Amino acid sequence: MELIVYLAGQIHDDWRDEFAQKAKSKNLPLRFVAPQTNHDRSDNIGEEILGKQPSNLYKDDAASDINNFRTQVLMQKADIVIALFGEKYKQWNTAMDASTAIAMNKPTLIIRPESLIHPLKELSNKANVTVETIDQAIEAISYIFE
């Protein structure tokens, strides 16, 4: 059995590669999908497809439509959604992806440091599992295959 895992979270470091490497080292049969991790591509996709927009408001709106379309397709295909919240970056997209996954009734696992317990308490309460590290998330997924 192979599971598709949607890796929601910030795109400014290599946490997805770390997650995939750790899963591979445990021989977990997982395939990964994610939001667009090329920031410029994500920001400009609306204009790349629809043409130049009259202002930044419309540029962002066009990009959001296409990014949300992509996310919905990939998330609907996913068996599990993992949302990583880190210390360094604002996490609005991660919160949106996690809440969307929960609303879609997708099994959802949140990774967040201890410092974010309070701001993420409601979201963590709605998720299936909340952990503090990637290693803990890998162990939770490993348990599926026992």
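Colleague: How many aromatic pairs does the count come to by this rule?

Modeller: The count comes to one aromatic pair, where rings of Phe, Tyr and Trp (its six-membered ring) pair if their centres lie within 6.5 Å. The model is predicted, so local features need pLDDT of at least 70 and side-chain atom pairs pLDDT 80 or more, while totals for chains, interfaces and linings use all residues. Residues are numbered from 1 along each chain as its sequence is written, and side-chain values use heavy atoms, without hydrogens and water.

Colleague: Why is the pair of F19 and F32 called edge-to-face?

Modeller: Their ring centres are 5.9 Å apart and their planes stand at 85 degrees. Planes under 30 degrees apart count as stacked, over 60 as edge-to-face and the rest as tilted; the pair is therefore edge-to-face. F19 lies in helix α1 and F32 in strand β2 (residues 30-33), 13 residues apart.

Colleague: What makes F19 buried and F32 partly exposed?

Modeller: Buried means under 20% relative accessible area, exposed over 50%, and partly exposed in between (1.4 Å probe, protein chains only). F19 has 0%, so F19 is buried; F32 has 27% and therefore counts as partly exposed.

Colleague: Why are α1 and α6 called oblique to each other?

Modeller: The axes of α1 (residues 15-25) and α6 (residues 134-144) come within 10 Å and cross at roughly 40 degrees. Angles under 35 degrees count as roughly parallel, over 145 as roughly antiparallel, 65 to 115 as roughly perpendicular and the rest as oblique; the two helices are therefore oblique. Contact (heavy atoms within 4.5 Å) involves residues including F19 of α1 and I138 of α6.

Definitions and conventions. Axes fitted to C-alpha atoms, helices over the stretch in contact; angles between N-to-C directions. Helix = DSSP H or I, 4+ residues; strand = E, 2+ residues; numbered from the N terminus.
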